[in-house]
Amino acid sequence: MSVTHRLTAPTPGWTATTDVVVVGSGVAGLTVALNVRKAGLRAMVVTKAMLDEGSTRWAQGGIAAALGEGDTPEQHLDDTLVAGAGLCDEEAVRTLVTEGPDAVRRLIATGALFDRDEDGEILLTREGGHHRRRIAHAGGDATGAEISRALVAAVRDDPGIELIEHALVLDLLTDAEGHAAGLTLHVMGEGQRDGVGAVRARAVVLATGGMGQVFSATTNPAVSTGDGVALALRAGAAVTDLEFVQFHPTVLWLGPDAEGQQPLVSEAVRGEGAYLVDADGVRFMVGQHELAELAPRDIVAKAITRRMQEQGAEHMFLDGRHFGAEMWEHRFPTILASCRAHGIDPVTAPIPVAPAAHYASGGVRTDRLGRTSVPGLYACGEVACTGVHGANRLASNSLLEGLVFAERIAADLAERHRAGELPERTVDVAAARAAQPVPLPPSEARAEIQRLMSRGAGVLRSAVSMADSAAGLALLAEQAHAHMAEEKPADPRVETWEAANLLLVATALVAAAAQREETRGCHWREDFPERDDAHWRRHLITTLTASGDPVSTPEEQ
Ligand SMILES: Cc1cc2nc3c(=O)[nH]c(=O)nc-3n(C[C@H](O)[C@H](O)[C@H](O)COP(=O)(O)OP(=O)(O)OC[C@H]3O[C@@H](n4cnc5c(N)ncnc54)[C@H](O)[C@@H]3O)c2cc1C
């Protein structure tokens, strides 16, 4: 299989070489790079903005692992399988929960400082769907920032890791056998590596994070534009579970016209005892689920959305006034500051909250060693679909997934290197040129894609709403094709490349969501409100057709 499509871009003007090129510098990418180095391989990390600009540094609640007394990987497995609503790969989950505790200990050894009690024991909290306190946190609610700080410091300390910031990766390069052999990228800035270039490598690891920017309201930062999934599709890789987008139930509501990244009010706030109430002060989660406010996220997001519809309200409230000022300041300093920055004081007033796109449970399909369907192309972290999340991610399992599977990818690369199976690769230049150029939409398409997706393919979905989204997306694609045919294409640049990636990922997501005629996990169909195991206890595998359209095929049962 070789790359069938590529983004419209200038021919590479420079080339660099490494052993393993890692795309992305969140928990997944940096952990791969650090571990690949232990095997004596050179690593290059290329990242779109600054090293710490992915979702990792925004993670608040923490990282889940069976570290507490009485807790076991088996119990963590049970909670994960329940959240995944029948679609988890049980062996992948078992790998996650059994290797997780030691992976967290190794992260601590790398320098991440977790919150501890007076006896030095790691403090553990609870989040939705967990039956035990098993979420380790740092800086109160600044876990991701601390993990990012520690990993960034470690990679900066290693002269064998080359770091290229402000580098947007465009497409995969393969050799004559179809094995990954490097990638093309655009480096913003001055100096030798300015503009479009190529990196040659023995293997490529995608760690590009999520795709929250496909929607208008999201907790994800601006860099989360689904680039890795789009690249993988163009490279011929299989992608799966795209329809399962987790909407975080409690995102600070900033008004009806708010767009882009919006502040999260972590589940840990509910874990510590804050209530969800409607405008009349009624705790509407009580009686809906045995865990009330701590029910799995999809249940809470749906209940909030339903209540908002019933009452014609734009948001609900999260009431944590009973914590008092001291607890807010010590346990949730980040959330307190961001609420106050928006004129809400959680110490004296309930916080207005509404659901927003938060986490992509699906992604580039991998096995338990992080291998995708394209030889030599690995995927790790939120961009990957290892099978651990199924139809819905259990809170705080994603940082853990990034850690555990990054270590496994590095171990696989090390093993292949030792066995002589990781030779230098020669890029098949003719094949790269033969790949069809994808026309670029104008940069304004980004906001239109977001509107179309939030309106028709958000928390509430139906055949009618998704047909509207699909038609709007198809029109954007047609316009881009027409402009290219008229020789008036949009300029190849970061904004238009990102718009092309968003358009492809959004189109693939809607196609899969429209096909799945049931309600399961975080995929909620108003027109098919029941879970339908007889037909749908299986994955949809998405690939690109020869003409570049995403097509989803149900996996054999
Ligand atoms: C507000 C918030 C709170 C969260 N809280 C938690 C939590 O408490 N616990 C938990 O487990 N999870 C949490 N999550 C989810 C978790 O943070 C992410 O799933 C995880 O950090 C993803 O890590 P990653 O390394 O896969 O990707 P990221 O950390 O998102 O990193 C992706 C990297 O890829 C780069 N990149 C993207 N595209 C390109 C490209 N084309 N070229 C080059 N580089 C590219 C980005 O710049 C970035 O460096 C939260 C997420 C958010 C947004």
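Student: Before we start, what do I need to know about the model and the numbering?
Tutor: It is a predicted model, where local features need pLDDT of at least 70 and side-chain atom pairs count only at pLDDT 80 or more, while totals for chains, interfaces and linings use all residues. Residues are numbered from 1 along each chain as its sequence is written, and side-chain values use heavy atoms, with hydrogens and water left out.

Student: Great, let's do salt bridges. How many are there?
Tutor: The count comes to 42 salt bridges. The rule asks for a side-chain nitrogen of Lys or Arg within 4 Å of a carboxyl oxygen of Asp or Glu.

Student: And why would such side chains pair at all?
Tutor: Side chains of opposite charge can pair when their charged atoms come close.

Student: Which residue does arginine 307 pair with?
Tutor: Arginine 307 forms a salt bridge with aspartate 278, at 3.1 Å from N to O. This pair links distant parts of the chain, with arginine 307 in helix H7 and aspartate 278 in the loop between S17 and H7, 29 residues apart. Helices (H or I, at least four residues) and strands (E, at least two) are DSSP runs, numbered from the N terminus.

Student: Is aspartate 278 buried or exposed?
Tutor: Aspartate 278 is buried, because its relative accessible area is 2%. Buried means under 20% relative accessible area, exposed means over 50%, and partly exposed is in between (1.4 Å probe, protein chains only).

Student: What about aspartate 52, which partner does that one have?
Tutor: Aspartate 52 meets arginine 57 in a salt bridge of 3.6 Å, N to O. Aspartate 52 has a relative accessible area of 32%, so it is partly exposed. Arginine 57 is at 30%, so it counts as partly exposed too.

Student: And arginine 340, what does it bridge to?
Tutor: Its partner is aspartate 345, with the closest N and O atoms 3.3 Å apart. Arginine 340 is partly exposed because its relative accessible area is 39%, and aspartate 345 is partly exposed at 25%.

Student: Switching to the surface: which residues make up the negative patch?
Tutor: Glu69, Glu118, Asp119 and Glu121 form a negative surface patch. Patches are made of residues with over 30% relative accessible area and no salt bridge, with like charges joined within 9 Å and nonpolar side chains (Val, Leu, Ile, Met, Phe, Trp, Tyr) within 5 Å.

Student: Where does glutamate 121 lie?
Tutor: Glutamate 121 is in the loop between helix H3 (90-110) and strand S6 (124-125). With 52% relative accessibility, glutamate 121 counts as exposed.

Student: Okay, backbone now. Which phi value does alanine 292 have?
Tutor: Alanine 292 has a positive phi of about 45°, although it is not a glycine. You'll find alanine 292 in the loop between strand S17 (275-277) and helix H7 (297-311), and at 13% relative accessibility it counts as buried.

Student: And glutamate 487, what is its phi?
Tutor: Glutamate 487 also isn't a glycine, yet its phi is positive at about 60°. Glutamate 487 sits in the loop between helix H13 (463-485) and helix H14 (494-515). Its relative accessible area is 70%, so glutamate 487 is exposed.

Student: Now helix H14. What does leucine 504 touch?
Tutor: Leaving aside neighbours within four places in sequence, leucine 504 is in contact with Ala230, Leu233, Arg234, Leu544, Gly548 and Pro550. Contact means heavy atoms within 4.5 Å. Leucine 504 and proline 550 are 46 residues apart in sequence and 7.7 Å apart in space, C-alpha to C-alpha. Leucine 504 is found in helix H14 and is buried, with a relative accessible area of 12%.

Student: Last one: where is histidine 76, and what surrounds it?
Tutor: Histidine 76 is in helix H2 (residues 73-83). It is buried because its relative accessible area is 0%.

Definitions and conventions:
Accessible areas come from the Shrake-Rupley method with a 1.4 Å probe; for residues, only the protein chains shown count as cover. Lys and Arg count as positive and Asp and Glu as negative; His and the chain ends are not counted. The place of a charge is taken as NZ of Lys, CZ of Arg, CG of Asp or CD of Glu.
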